[in-house]
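Trainee: I would like to go through this model term by term. Please set each value against its cut-off.

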Amino acid sequence: REYRFVHYGLFVTFFPHLLAGPVLHHAEVMPQFARPGTFRFNPENFAVGLTIFAIGLFKKVVLADGIAEFATPVFDAAGKGATLTFLAAWGGALSYTFQLYFDFSGYSDMAVGLARLFGIVFPANFNSPYKAASIIEFWRRWHMTLSRFLRDYLYISLGGGRYHPLRRHANMMATMLLGGLWHGAGWTFVIWGGLHGLYIVLNHLWRGLHKRWLARCSLPPAPARALGQLLTFVAVVVAWVFFRAESLAAAQAMLEGMAGLNGISKADPYYFGAPELKGLLAMFVIAWGLPNAQQLLRSYRPVLHTYPGDIPEAGRLRWRPSAAWALLTAALLITAAVNLTQVSEFLYYQF
């Protein structure tokens with residue numbers, strides 16, 4: 001509706017979203033620049049933005065980079081043809097699963113926080129995706145602006161779900177295959193996208209089967225959700241193996257180890273001991289037991305809703321402009337700054 005070059009230049013060069021996304025819609029961001037208040041210093045924007053940025057930086061520098069030292073050697077060994085046992089393969093796969101999550105979500109939190117310092121509210125990009133109880137829910141929580149982009153500009157353009165169910169499933173598979181290629185022109189990325197396409201198709205088929213035939217014999221809501229979360233998480237971890245592996249042979253070596261084909265041996269040089277297990281346990285607790293940044297600051301509109309009603313309440317743990325939260329934010333920033341001296345693996349910029 002408007003084509004002024006200066007506005008276009010602002011939209012494509014506004015640096016917070018160039019960090020790692022989120023994938024922005026013009027209509028979400030540009031009207032915010034038209035408000036006079038955007039260009040005035042606002043203490044609330046500064047406090048909220050700095051807090052979210054601190055959380056994101058801590059995720060990336062401390063959590064993601066901390067667990068990377070467990071994931072990288074295992075995948076490197078698989079790439080060199082090493083035989084991995086059950087514990088080593090699963091340890092490496094789970095470590096990468098959390099490294100990738102805290103890397104991507106940390107980058108996104110940093111972008112959201114930086115934008116808020118300038119008075120601009122970005123859309124949500126991560127919403128605790130490992131809490132998802134289905135693969136459909138996972139893609140409404142993981143890299144949310146990318147999944148929205150794929151839906152709006154690929155899936156719907158191909159016809160979406162307007163035609164025969166087989167056509168809908170084919171459209172979904174094509175969308176996810178192209179989503180895999182978006183990350184890199186390699187067979188591992190194609191298989192990753194294809195797996196998620198297959199997962200989503202099976203999820204839709206299961207929902208239809210459950211609605212027609214199995215509704216009366218379903219589990220109670222809490223156990224059903226817990227089982228759904230477990231199955232979804234395992235499926236996601238298996239797909240991440242292809243996403244991370246340098247080649248199909250490396251992915252095969254990882255999956256053979258995860259399937260137990262090479263046995264379980266503590267003599268494995270890549271065996272996960274107490275330090276590695278403690279690190280993984282900490283990742284599980286943070287990913288499943290704690291609210292995310294958007295939930296913590298929900299009362300202060302930290303993000304735009306990428307999907308309607310996508311940010312639930314955080315419970316009792318809520319951020320407020322207080323001395324205690326200021327000290328916690330400072331502690332996160334200082335801890336991250338100290339760890340900035342270490343070698344950091346920038347996952348997002350590979351894609």
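**Buried, exposed and in between**

Mentor: Start with Thr-188, which counts as buried at 8% relative accessibility. The model is predicted, so local features need pLDDT of at least 70 and side-chain atom pairs count only at pLDDT 80 or more, while totals for chains, interfaces and linings use all residues. Residues are numbered from 1 along each chain as its sequence is written, and side-chain values use heavy atoms, with hydrogens and water left out.

Trainee: Why is Thr-188 called buried?

Mentor: Buried means under 20% relative accessible area, exposed means over 50%, and partly exposed is in between (1.4 Å probe, protein chains only). Thr-188 has 8%, so it counts as buried.

Trainee: Where is Thr-188, and what is it in contact with?

Mentor: Thr-188 is in helix H9. A helix here is a DSSP run of H or I with at least four residues, a strand is a run of E with at least two, and numbering starts at the N terminus. Leaving aside neighbours within four places in sequence, Thr-188 is in contact with Phe-242, Ala-245, Ser-247 and Leu-248. Contact means heavy atoms within 4.5 Å.

Trainee: What makes Glu-28 buried or exposed?

Mentor: Its relative accessibility is 17%, so Glu-28 counts as buried. Glu-28 is found in helix H3 (residues 26–33). Not counting residues up to four places away in sequence, Glu-28 touches Pro-123, Arg-148 and Leu-304.

Trainee: What makes the pair of Glu-28 and Arg-148 a polar contact?

Mentor: A polar contact is a pair of N or O atoms within 3.5 Å; within protein, one must be able to donate a hydrogen and the other to accept it, and residues adjacent in sequence count only if both atoms are side-chain atoms. The side chains of Glu-28 and Arg-148 make such a contact at 2.6 Å.

Trainee: Which class does Glu-2 fall into?

Mentor: Glu-2 has a relative accessible area of 30%, so it is partly exposed. Glu-2 is found in the segment before helix H1 (5–13). Beyond residues up to four places away in sequence, Glu-2 touches His-7 and His-26.

Trainee: And which class for Asn-42?

Mentor: Asn-42 is at 34%, so it is partly exposed too. Asn-42 is found in the loop between H3 and H4. Asn-42 and Leu-117 are 75 residues apart in sequence and 8.4 Å apart in space, C-alpha to C-alpha.

**Cores**

Trainee: What makes a set of residues a nonpolar core?

Mentor: The set holds buried Ala, Val, Leu, Ile, Met, Phe, Trp, Tyr and Cys residues, joined through side-chain atoms within 4.5 Å. The largest one has 55 residues, and those with the most contacts inside it are Tyr-130, Phe-138, Trp-142 and Trp-240. H5 gives the most to this core, with 10 residues.

Trainee: What is Trp-240 in contact with?

Mentor: Apart from neighbours within four places in sequence, Trp-240 is in contact with Tyr-96, Thr-97, Leu-100, Tyr-130, Phe-138, Trp-142 and Trp-192. Another core, of 25 residues, lies apart from the largest one and includes Phe-11, Val-29, Phe-33 and Trp-319.

**Pockets and a cavity**

Trainee: How do you know a pocket from a cavity?

Mentor: On a 1 Å grid over the protein atoms alone, a cavity is a set of points where a 1.4 Å probe fits but cannot get out. A pocket is an open set with protein on both sides within 12 Å along at least five of seven lines, and lining residues have an atom within 4 Å of a point.

Trainee: How much space lies in the largest pocket, and which residues are closest to its centre?

Mentor: About 720 Å³ lies in the largest pocket. Of its 22 lining residues, the closest to the centre are Ala-133, Asn-203, Trp-206, Gly-228 and Leu-231. H10 gives the most to this lining, with 8 residues.

Trainee: And the second largest pocket?

Mentor: About 440 Å³ lies there. The largest share of its lining, 5 residues, comes from H4.

Trainee: How many cavities of 30 Å³ or more does the structure hold?

Mentor: It holds 1. Lining the largest cavity are Lys-59, Tyr-101, Ser-105, Asp-109, Phe-126, Asn-127, Ser-128, Asn-292 and Gln-294.

Note on methods:
Grid points are joined across faces, edges and corners, and a volume is the space filled by probe spheres set on the points.
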